[in-house]
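Morning, everyone. Let me put the structure up, and then we'll walk through a few spots.

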Amino acid sequence: MQILVLLLLFQATAHSAEFDFKAALHYALEHSPKLNSAQRDLNISVLEDKSARAVFWPSLDLSLVNGFQDTSPTSRINTGTVGNTATSTAVLGLTENLYDNGIANIKSDIAEIKLKQSQLSLQKTRNQICLDVALSYLRFSDLSLTEKIQLQQLNYLKKQSEQTNRGFQQGFKPRKDVLRFETQVRRAEIDYFLTQNEIARAAAELRKTLGDLSAGEESINFKTDSVVPNKVHEIGKLDFEKHLDYRISVLQKESNSLTYDLSRTRNMPEFFINSNVSYQNDFGTGNNVDQRSLVSWNALLTIKYNLFDWGIRRREKAIAYEKMFQSNNTQEQTLIDLKQQLGSVTLDLQQNERNLKIAEELLDLEKKNSEILQKEYYNGKVQFLDFVTGLKDLADAEVKSIHAFSDYKKTFLTIKYHEGNLYEYLQK
């Protein structure tokens, strides 16, 4: 029985975990399907780029043939034996395509651009996951801090309610003060329970952001974490042309232009220069080695030009031209939206800096005001309503200070994301 209890305790411990922000971020990066897909897309681009470059190198092919063959009328000149139709042939060919009207060069350039895009897309996806986790964790931490403040406020109100009740029983406090304190306690309890529900929702959202959790990890708990230091370094001006989306867009426009050039080659005369070297040895003949071996080579120029195809190539070129501008327009709209986002986040940062400064000043004033009201209330110089209002204002100021600093952090992290180095910043 004791062994069973120990096993159950060990199992419960093994299935529970407590994550801070670093652990949560690490888990999200390890289990994100989006990041895994982006990494695989990069792997594909690397392989495609290598294949596109390999076209420029000669290819070596070996062909082995073994069987029977004959002609009609039958010829036995080379066999030396009537009825011998067995043949064995070995061909070793070296092929090099010297010129193909620039098609291989264009495809190689497109593959190189796609590789660069995949690298930037992987970096962008990783930064996006970091931003999602950081923002979700900040919301969870803010609600947790708010809950602590509300719990302190609730406990303080309960204590004051008990003291007021004793004062009423002793004849020092009126009945209305007792009732008012009791109503304030109930209101504080409602706010506290609502915040607890919000924390549960934030934790569920955070688990969703981390990725698909197995059944044994559903009991993961999160620690309150500031995510970023309380003092962040000064942020410089965002450089539009260094943004990952801008760089990806520029590469996409280059790829669109090359794709159009590729379609244009079909309307131009096509020149192909191919060279081939082969060695053949028919082992099935009765001749000696010198007579049955054959070495051959060729260098062939092929000129291909379509004279008439009912306008198919011309329309394909026009379609490629329209698609190029269609894609370019999409990229232009993306850049317009990006400029608007960068302008908005810069304004948000300025506003959040002002809000944070005001919230800190307000909190300092409310603390001083609360101390004065508490002393004067017990000395009978301040009415109950003023005293309770002062307590509530202090709690509200503390919550506003938390939210103001959280908004500033969120904007700061968003700017680091737009700078393209959020992942590196959070790994410090």
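S136 touches L206 and T209, leaving aside residues up to four places away in sequence. Contact here means heavy atoms within 4.5 Å. This is a predicted model: local features need pLDDT of at least 70, side-chain atom pairs count only at pLDDT 80 or more, and totals for chains, interfaces and linings use all residues. Residues are numbered from 1 along each chain as its sequence is written, and side-chain values use heavy atoms, with hydrogens and water left out.

Back to S136. It sits in helix α4, residues 103-169. Helices are DSSP runs of H or I with at least four residues, strands are runs of E with at least two, and both are numbered from the N terminus. Is S136 buried or exposed? Buried, because its relative accessible area is 16%. The cut-offs: buried is under 20%, exposed is over 50%, and partly exposed is in between, with a 1.4 Å probe and protein chains only. A polar atom of the S136 side chain also lies 3.0 Å from the backbone oxygen of D132.

D132 leads us to L210. Their C-alpha atoms are 9.0 Å apart, while 78 residues separate D132 and L210 along the chain. L210 belongs to helix α5, residues 175-210. With a relative accessible area of 0%, L210 is buried. What does L210 touch, not counting residues up to four places away in sequence? F19, A24, Y27, A28, H31, V133 and F222.

Now the aromatics. Rings of Phe, Tyr and Trp (its six-membered ring) pair if their centres lie within 6.5 Å; planes under 30 degrees apart are stacked, over 60 edge-to-face, and the rest tilted. How many aromatic pairs does this rule give? The count is 9. One of them is Y137 with F140, edge-to-face, at 6.1 Å centre to centre and 75° between the planes. Y137 and F140 are separated by about one helical turn, because they are 3 residues apart in helix α4. Both Y137 and F140 are buried. Together with F21, Y137 and F140 form one aromatic cluster.

Next, charges. A salt bridge is a side-chain nitrogen of Lys or Arg within 4 Å of a carboxyl oxygen of Asp or Glu. By that rule there are 13 salt bridges. Take R53 and D49: their closest N and O atoms are 3.1 Å apart. They are 4 residues apart in helix α3 (residues 33-54), so about one helical turn separates R53 and D49. R53 is partly exposed at 39% relative accessibility, whereas D49 is buried at 7%. A network of salt bridges links D49, R53 and E112.

Another bridge joins D261 and R264, at 3.4 Å between the closest N and O atoms. D261 is partly exposed at 24%, and R264 is partly exposed at 37%. R313 and D309 also meet in a salt bridge, 3.0 Å from N to O. R313 is buried at 17%, and D309 is buried at 14%.

Last stop, the surface. L98, Y99, F271, L301 and I303 make a nonpolar patch of about 510 Å². Which elements give two or more residues to the nonpolar patch? Strands β3 (86-99) and β6 (293-304). L98 lies in strand β3. L98 counts as exposed, because its relative accessibility is 56%. Patch residues have over 30% relative accessible area and no salt bridge; like charges are joined within 9 Å, and nonpolar side chains (Val, Leu, Ile, Met, Phe, Trp, Tyr) within 5 Å. The areas come from the Shrake-Rupley method with a 1.4 Å probe, and for residues only the protein chains shown count as cover.

Notes
A polar contact is a pair of N or O atoms within 3.5 Å; within protein, one must be able to donate a hydrogen and the other to accept it, and residues adjacent in sequence count only if both atoms are side-chain atoms.
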